Amino acid sequence: MGVNIFFELTDRYGWVPPEIRPKEGIFKLGVVGLTSWYSNAFIGYTNMLRWVKVVAAADLGYDDDYIKKCIGLSKDEYRKYFRVKLYESPSEMIREEGLDGVFICTENSKHAEYAELAMKEGVHVFIAKPFATNLKDADRILRAVEKSGVIVTTSSPARYDKMIR
């Protein structure tokens, strides 16, 4: 069962399965990548859930002008609008914030790289579609899942966009 289904079921029924129970009372999430509107849709939706809070985002070192062209907000505007702490490094973000999971919203060709990094840190992973761009990367992600024991899921983040819902 994917984390996106858990979001909906647990918000409705207030039960969190043991395998994804948060370390503390709330499920703390971070966003990896600010170059797609998917990050805006995902963070907007998940922050409406009572047991989930997106607390941080990693901009991966992209410059402010490029991020603004991609998502319509500068780094500082994003930070203020979504009330998150910004990091350049996903690893630092995961460790500093004590995250339970991350939403990977990078260029499709980088999904495997950042999914592996997050799983090495022991956090659950939601990957924006597509899961991977080739079989080699899909295998990398699956091997990392087997090694880490965390939950990884994928879906179209468009389902979280208010205009589409």
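Me: With which residue does Asp 137 form a salt bridge, and how far apart are the closest N and O atoms?
Reply: The model is predicted. Asp 137 and Arg 140 both sit in helix H7, three residues apart, so about one helical turn separates them. Asp 137 pairs with Arg 140, and the closest N and O atoms lie at 3.2 Å.

Me: Is Asp 137 buried or exposed?
Reply: Buried requires a relative accessible area under 20%. Asp 137 has 9%, so the residue is buried.

Me: Which other salt bridge does Arg 140 form, and at what distance between the closest N and O atoms?
Reply: Arg 140 lies in helix H7 (residues 135-148). The partner lies in helix H6, 24 residues apart, so the pair links distant parts of the chain. That partner is Glu 116, with the closest N and O atoms 2.5 Å apart.

Me: Why does Arg 140 count as partly exposed?
Reply: Partly exposed covers the range between buried, under 20%, and exposed, over 50%. Arg 140 falls in that range because its relative accessibility is 23%.

Me: Which residues of H7 are buried?
Reply: The buried residues pack against H6, E5 and strand E6 (152-155). They are Asp 137, Ala 138, Ile 141 and Ala 144. They sit on the same side of H7, because their arc around the axis is only 125 degrees.

Me: Which exposed residues does the face of H7 turned away from its buried side carry?
Reply: Exposed means over 50% relative accessible area. On that face of H7 the exposed residues are Leu 135, Lys 136, Arg 143, Glu 146 and Lys 147.

Me: Which residue follows H7, and what is its phi?
Reply: At the start of H7, a side-chain oxygen of Asn 134 comes within 3.2 Å of the backbone nitrogen of Lys 136. After H7 comes Gly 149, with a positive phi near 80 degrees.

Me: With which residue does Glu 121 form a salt bridge?
Reply: Glu 121 is in the loop between helix H6 (111-120) and strand E5 (124-128), and its partner is in helix H5 (residues 90-97), 26 residues apart. Glu 121 is partly exposed, because its relative accessibility is 26%. The closest N and O atoms are 3.0 Å apart, and the partner is Arg 95.

Me: How many salt bridges does a search of the whole structure find?
Reply: Some form a network, which links Asp 76, Arg 79 and Lys 80. The search of the whole structure gives seven salt bridges.

Me: Which element of the chain has the lowest mean pLDDT?
Reply: The chain has a mean pLDDT of 83, with 79% of its residues at 70 or more. Strand E3 (residues 85-87) has the highest mean among the elements, 98, whereas the lowest, 47, belongs to helix H1 (residues 3-13).

Me: How many contacts beyond near neighbours in sequence does the stretch of residues 1-6 have in the model?
Reply: The pLDDT is below 50 over residues 9-15, a stretch with 15 such contacts. Over residues 1-6 the pLDDT is also below 50. For residues 1-6, the number of contacts beyond near neighbours in sequence is 17.

Conventions:
Residues are numbered from 1 along each chain as its sequence is written. Side-chain values use heavy atoms; hydrogens and water are left out. A salt bridge is a side-chain nitrogen of Lys or Arg within 4 Å of a carboxyl oxygen of Asp or Glu. Helices (H or I, at least four residues) and strands (E, at least two) are DSSP runs, numbered from the N terminus. Buried means under 20% relative accessible area, exposed over 50%, partly exposed in between (1.4 Å probe, protein chains only). pLDDT is the predictor's confidence in each residue, from 0 to 100. Contact means heavy atoms within 4.5 Å. The arc is that of the directions from the helix axis to the C-beta atoms. A polar contact is a pair of N or O atoms within 3.5 Å; within protein, one must be able to donate a hydrogen and the other to accept it, and residues adjacent in sequence count only if both atoms are side-chain atoms.
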